Amino acid sequence: MRTIIFRTIAPYLSALMVLFSIFVLLRGHNEPGGGFIGGLIAASALAIFGIACGVASVRRAIVFHPMGVSGFGLFLSALAGLPSIFKAQAFMTSQWLEVHVFGVEVALSTPLFFDIGVYLVVVGAIGSIALALEEREAD
Amino acid sequence: MESGVVILIGMFFTVAVYLMLSKQLVRILLGIAILGNAVNLLIFTNGRLTREVPPLIPDHLYAPETATANPLPQALVLTAIVISFSFFAFLLVLAFRAYQELGTDEVDEMRIAEPEHDQTPPQGY
Amino acid sequence: MAGSSVSVDLSQAMNTAPIALGDWLVVAPSLITILGGALCLMLRKNTDLQPKLGIGFLGLLVVANLALLIRVLDHGVITMVMGSWLPPFGIAFTVDTLGITLSLIGSIVAFCAGVFGAATVDSTGRRYGFYPFLLLLMTGVCGAFLTGDIFNLYVWFEVLLISSYGLLVLGNDRIQLDGAVKYGVLNLIGTNLFLIATGMLYGIFGTLNMADLALKVAALENPASGTLATVAALYFLAFAMKAAAFPVNFWLPASYHTPNVVVSAVFAGLLTKVGVYALIRIFVLILPASRGYMADVIALVAIATLLTGAIGALAQSEVRRLLGYVVIAGIGSMLAGVAVGSTLAISGAIFYAVHSIIVMTALYMAAGIMNMMGGSYDLRQLGGLYQKSAAFAAVFLVLGFAVSGLPPFSGFWPKVILVDAAFSDGRTWLGAAILVSGFLTTLAMGRVWIFAFWRGGPEGTTDGETVAISGETGTQLSGAAVWLPLGILTALVVYFGLQPEWMLELSTQGASGIVEPLGYLRSVFGGQV
């Protein structure tokens with residue numbers, strides 16, 4: 001698998017895939033997309049990078065252990081359900097906050113944070129399984 | 001259209017059960033994967049099949065204009081797919097590890113937890 | 001949606017009434033364990049901090065469950081629908097006495113296991129994630145007990161299942177892999193059956209909310225019709241597999257003795273009982289007509305389970321495998337309650353579930369301590385533990401009596417209720433099977449006690465003689481972390497035996513709450529039911 005073409009192109013391809021996964025994640029509220037599918041795309045980016053350049057360099061690239069990433073995602077998702085407590089609404093009732101940045105209206109919402117959490121859980125969990133399998137293959 | 005899908009589901013279940021009755025762990029796992037897909041199709045069909053009308057609401061509206069496909073089974077199936085996918089991934093790793101450690105993928109030969117020639121319990125002092 | 005000027009009457013779809021802060025307790029158990037589990041997962045490498053964090057969150061869980069129980073007793077059934085959607089559209093958490101009682105007892109047991117694990121799980125096990133998995137397992141267990149949505153119940157089952165896989169292969173030993181393969185495959189098939197039945201139920205009624213389902217099933221002209229009978233049979237098979245009822249019980253003795261003993265303790269206490277709980281919830285609340293229709297089958301399965309469990313226990317010489325069969329025998333008693341189905345019988349089954357959660361966990365912990373003291377789990381090699389610790393011998397005797405259903409301990413009262421209910425329902429064989437199973441369990445437990453504690457040394461020691469046990473065998477006992485959890489659980493066993501009124505009242509209230517579910521339905525749909 002480690003041909004020169006693949007090894008040259010893999011970093012760019014992975015970067016593009018991660019970027020695309022973030023795009024899919026962000027468009028997910030009202031259109032097809034979302035955290036789960038975005039996370040899968042990002043996890044496959046990690047897998048491709050791992051096949052091309054070795055698992056060790058992937059682990060270096062993502063800094064944190066994949067399970068730690070998914071732990072953080074879980075934490076974020078659970079926290080995203082909490083803000084409605086201040087408005088006497090049920091758990092996970094969505095809250096919206098509109099912020100104007102440079103004249104562009106950005107809708108920050110609890111579902112967005114929930115989705116980011118899901119994204120991280122999927123990246124971490126699937127990524128760690130993929131990396132574990134690739135590592136074993138190399139033995 | 002439902003009846004055609006129902007026959008397909010039946011075939012899926014048949015294949016899944018046949019594979020799960022096998023002694024090879026890999027075949028059992030394939031059977032479980034197919035079983036999961038059969039179940040997903042079953043839930044999907046139980047929500048009634050509607051073609052070509054995705055349950056998306058246009059930007060300026062609050063309710064869909066026409067009758068759309070039932071979104072709930074889609075959500076259920078998505079959840080079930082995620083779960084069965086992660087379980088399958090886990091079991092695959094587990095089966096691989098078991099094959100490495102136990103040296104067999106035949107379930108009849110996996111007798112470490114329950115040894116074949118177990119001594120009888122003490123009969124008296 | 002944000003930024004839109006169209007005005008919509010949200011009260012058509014959403015609950016706009018303010019939610020009391022106390023109702024947030026409904027999600028507290030799941031939320032605390034998810035947050036705690038995620039935090040422990042992030043700090044996986046820090047093996048010194050993990051036990052403190054894990055035990056802290058489990059303690060918090062006990063407090064939250066206790067507060068929720070008090071609130072349910074004060075206010076009746078509480079419902080909270082996620083995202084404020086009106087039922088039956090949103091995912092509802094509906095907490096009644098049955099659910100919260102089991103959730104509270106389960107969390108106490110998990111807390112004890114967390115403390116016990118601080119002594120018995122080494123740093124490798126901690127790095128593999130003992131505490132995160134234990135917390136996430138409790139997310140699944142508490143979620144399953146508290147949810148009011150049948151698909152959500154499936155999701156919680158999967159959450160606890162995937163965490164249990166993680167716990168099961170904690171040390172990556174050969175024997176663990178062997179056990180995990182069997183446990184994993186069979187439980188996954190069980191949950192798939194559960195999912196099939198749920199999909200068909202959705203196809204028939206178009207809803208997944210338990211209260212809504214109960215109403216719609218009750219409104220049917222012929223509630224025991226063909227399709228519904230299929231659904232009921234599938235549910236029964238699925239939950240029987242989860243609960244390890246005969247003839248789908250063989251995964252339990254094949255796997256429960258393989259992991260670290262504290263993991264076995266948690267599994268034996270909680271997992272099968274979640275299956276029994278789901279069986280009670282679905283057959284009594286949602287499909288009462290199908291339960292009546294299948295009562296004979298359930299009774300037969302219960303009798304077979306009672307006898308297989310007890311006879312299997314007699315045939316074992318490995319203490320943990322023996323206890324695995326004792327778990328199965330207990331499942332038979334609870335199924336007997338479901339088979340009879342009267343309020344009295346269901347209350348007996350609930351009380352038995354509470355008793356079984358506590359006593360089975362305690363027994364597995366005691367088995368772990370026996371191994372630490374005697375260096376083995378094998379009855380042939382154990383012996384002379386009485387001279388090592390007479391107090392421990394007494395504790396084990398108490399637990400053995402309790403699990404056999406002898407007075408004055410916690411197993412006695414639910415057995416009395418169940419036998420009484422079976423006889424007054426005319427199911428003499430069922431009542432007799434409970435008694436015979438209790439007798440055989442007494443023999444099995446008595447044998448363990450005689451061999452491991454009373455006999456002077458390993459097999460072959462002549463009567464009256466004592467053999468000095470090599471003191472260094474096994475791990476050093478690490479004080480409070482080992483004895484405190486066992487002490488708490490034994491104290492509960494004795495307390496529920498001597499003062500059963502409180503638990504009797506809770507289980508009766510829990511049983512009548514689902515046999516006549518008006519309060520449950522009103523809590524979900526408001527006063528219109």
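What follows is a list of stops, with what to look for at each.

Before you click, note that residues count from 1 along each chain as its sequence is written, while chains are lettered from A and ligands numbered from 1 in the order in which they are written. This is a predicted model, so local features need pLDDT of at least 70 and side-chain atom pairs count only at pLDDT 80 or more, though totals for chains, interfaces and linings use all residues.

**Colour by confidence.** The model scores ipTM 0.92 and pTM 0.92. Chain B averages 86, and 98% of its residues score at least 70. Helices here are DSSP runs of H or I with at least four residues, strands are E runs of at least two, and both are numbered from the N terminus.

**Select residues 1–5 of chain C.** Here pLDDT stays under 50, and the model has six contacts beyond four places in sequence for this stretch; a contact means C-beta atoms, placed from the backbone, within 7 Å. Now jump to residues 471–475 of chain C: pLDDT is below 50 there too, with eight contacts beyond near neighbours in sequence. Where pLDDT is low, the predicted coordinates should not be read in detail.

**Select helix H1 (28–42) of chain C.** Is it buried or exposed? Of its 15 residues, 13 are buried, meaning that 20 or more other C-beta atoms, placed from the backbone, lie within 10 Å of the residue's own.

**Show where chains A and C touch.** The contact takes 19 residues from chain A and 20 from chain C. On the chain A side, helix H4 (66–80), strand S1 (96–101) and strand S2 (104–109) each give two or more residues, and H4(A) has the largest share, seven.

S1(A) and S2(A) pair antiparallel over six bridges; pairing takes at least two DSSP bridges. A:Val101 has A:Val104 as its bridge partner in S2(A). Between the strands sit two residues, and A:Phe102 takes a positive phi near 50 degrees. None of the six residues of S2(A) is buried, so the strand lies largely in the open.

Conventions. Contact = placed C-beta atoms within 7 Å. Buried ≥ 20, exposed ≤ 12 C-beta atoms within 10 Å, placed from the backbone. pLDDT = per-residue confidence, 0-100.
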